[in-house]
There are 2 protein chains.
Amino acid sequence: MATKHAKEMAALKEHLGKHQLKLTRQREMILSAFLQQEHITAEAMYHQMAKADPHLGLATIYRTLNLFCDAGIAQARHFGSQTKYDNVSHKGHHDHLICTGCEKIVEFENEEIERLQEEVATRNGFTIKTHRLELYGLCSRCRH
Amino acid sequence: MATKHAKEMAALKEHLGKHQLKLTRQREMILSAFLQQEHITAEAMYHQMAKADPHLGLATIYRTLNLFCDAGIAQARHFGSQTKYDNVSHKGHHDHLICTGCEKIVEFENEEIERLQEEVATRNGFTIKTHRLELYGLCSRCRH
DNA sequence: TATTATTTTGAGATAGCTTATCAATTTCAA
DNA sequence: TTGAAATTGATAAGCTATCTCAAAATAATA
C-alpha cells in the first residue's frame, strides 16, 4: 500500500524537505486516500476519512490538499462554488466536451492543442502550470 | 449612448420578453456600464456604480449579471474564490492567460486552436456553441 | 390615463465554502 | 532524550453569493 504510491510519496517528501515542513501521520493518511481518487472535494474527503479517523479535522484536509497542490501532486479546479482537487498522477490531462442539451461530458486529449497553448503562453512571457478547456455545444442526439 | 449598445439591448429585451421579465432602470444602467468593461466582478461593478446610484444594491448587481449570462450577453468565469463576468460582445473569441501570481489577465486569440477544437468536436459528433479556454501560470514578472 | 396583477428592488439576513486562530500535540534534528 | 519548530483539531471568522420580504416599479388591461 505504501509502496504503491512511492512516486507521489517521494514527491511529497521532497517538497516537505525543501520547505522545512514535516511528515505527519495525517499527511500520509490523506495522501494514501487521495491517490485512490480521480478528483474529489475537501468535504467529500472529510466524510470519507471520518471512518478511518473520526477526529481528523476538516481544516487539516484543506491544508493538506492545498499542500499537495504546492507539491504538484494535486491540482485545484473551481467548479461553481466548490473546489475539486484532481489527482494529477491518475491520468494524463484531459479536456471536456460538454453537451448543453443533456449535460453529457466527453473527455478528450489533443496534443496539437496543448502544443499551441504552450506557444501562445511563451509568446506572452507566461509559464503555464495548468489549463482548462471546455467546449460547449450539442451532441449528435440533442441536435435533433 | 442607448443606441451604442443597440445589439445587446435587443438581445436583453428578447430574453426579457421570452421569460416574462421586465425592463427596469437598473437593468438598463447596469447593462450600459457592463458593456464598457471587458470583464469585471460583481463587487467591482457595485463600487463603480455607487457613484451613479448610491442606492443600487449588491444583490441587484448579482441578479442582473446572472441575467445577462442567461441572455447570452455575459459569461461567468470562476477564478479562485471570485467570479468574473466577461463581456461576450467585446470580442468575438477571447481566451485567457491568467497569472496565478498577480492575477493579471491577458487575452488572446488563436485561429489554429479554434480550428482544432472544431475538429475534436466534429469527431465526437458535437456542434460547438461556445467554449472556454484558460491557461493558468506565471507571467514573466511573477516567475522571479 | 387609471387600475391592477406581476415583477423587481434594496437592505440585511443567511448560506456555503475556505481560511485563520491558538493551545495542545507531534515531529525531527541535535 | 530534549527542545525548537511545525502541525493538528475545534471552532471562530471571512468572503462571496443567494435568499427573504415589504415597498416600489413595471407593463398589460380597461
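The model is predicted. A rotation of 178° superposes chain B on chain A. The two copies are thus related as by a two-fold rotation axis. Chain B meets chain A through 30 residues, which contact 32 residues of chain A. Around DNA strand C there are 26 residues.

**Fold of chain A**

- Chain A holds five helices and six strands.
- Their order along the sequence is α-α-β-α-α-β-β-β-β-α-β.
- The C-alpha trace of chain A spans about 55 × 40 × 30 Å along its principal axes.
- Chain A has 144 residues, and 22% of them count as buried.
- Among contacts in chain A with a separation of 6 or more, 53% link residues 24 or more positions apart.

**How the copies are related**

- Superposing chain B on chain A takes a rotation of 178° and 0.1 Å of shift along the axis, with an RMSD of 2.6 Å.
- The two chains are thus related as by a two-fold rotation axis.
- B:Leu133 has the C-alpha nearest the axis in chain B, 2.4 Å from it.

**The interface between chains A and B**

- In total, 30 residues of chain B are in contact with 32 residues of chain A.
- On the chain B side, strand S5 (105-108), helix H5 (111-123) and strand S6 (127-138) each give two or more residues.
- S6(B) gives the most, with 12 residues.
- By type, the chain B side divides into 14 nonpolar, 11 polar and five charged residues.
- The copies meet through the same surface, because 100% of the interface residues of chain B are also interface residues in chain A.
- Strand S6 (residues 127-138) of chain A runs antiparallel to S6(B), and 11 bridges join them.
- One of the paired positions is A:Thr130, whose bridge partner in S6(B) is B:Tyr136.

**The surface near DNA strand C**

- Of the 26 residues around DNA strand C, the nearest are A:Ala59, A:Thr83, B:Leu21, B:Gly57 and B:Thr60.
- From chain A, helix H3 (42-50), helix H4 (58-70) and strand S3 (82-87) each supply at least two residues of this surface.
- From chain B, helix H2 (25-34) and helix H4 (58-70) each supply at least two.
- H4(B) makes the largest share, four residues.
- The surface near DNA strand C is made up of seven nonpolar, 13 polar and six charged residues.

How values were computed
Residues are numbered from 1 along each chain as its sequence is written. Chains are lettered from A and ligands numbered from 1 in the order in which they are written. This is a predicted model: local features need pLDDT of at least 70, side-chain atom pairs count only at pLDDT 80 or more; totals for chains, interfaces and linings use all residues. Copies are superposed by least squares on the C-alpha atoms of residues with pLDDT of at least 70 in both. Two residues are in contact if their C-beta atoms, placed from the backbone, lie within 7 Å. A residue is near a molecule or strand if its C-beta atom, placed from the backbone, lies within 6 Å of it. Ala, Val, Leu, Ile, Met, Phe, Trp, Tyr, Cys and Pro count as nonpolar, Asp, Glu, Lys and Arg as charged, and the others, Gly among them, as polar. Two strands pair if DSSP finds at least two bridges between them. A residue is buried if 20 or more other C-beta atoms lie within 10 Å of its own, exposed if 12 or fewer, and partly exposed in between; C-beta atoms are placed from the backbone.
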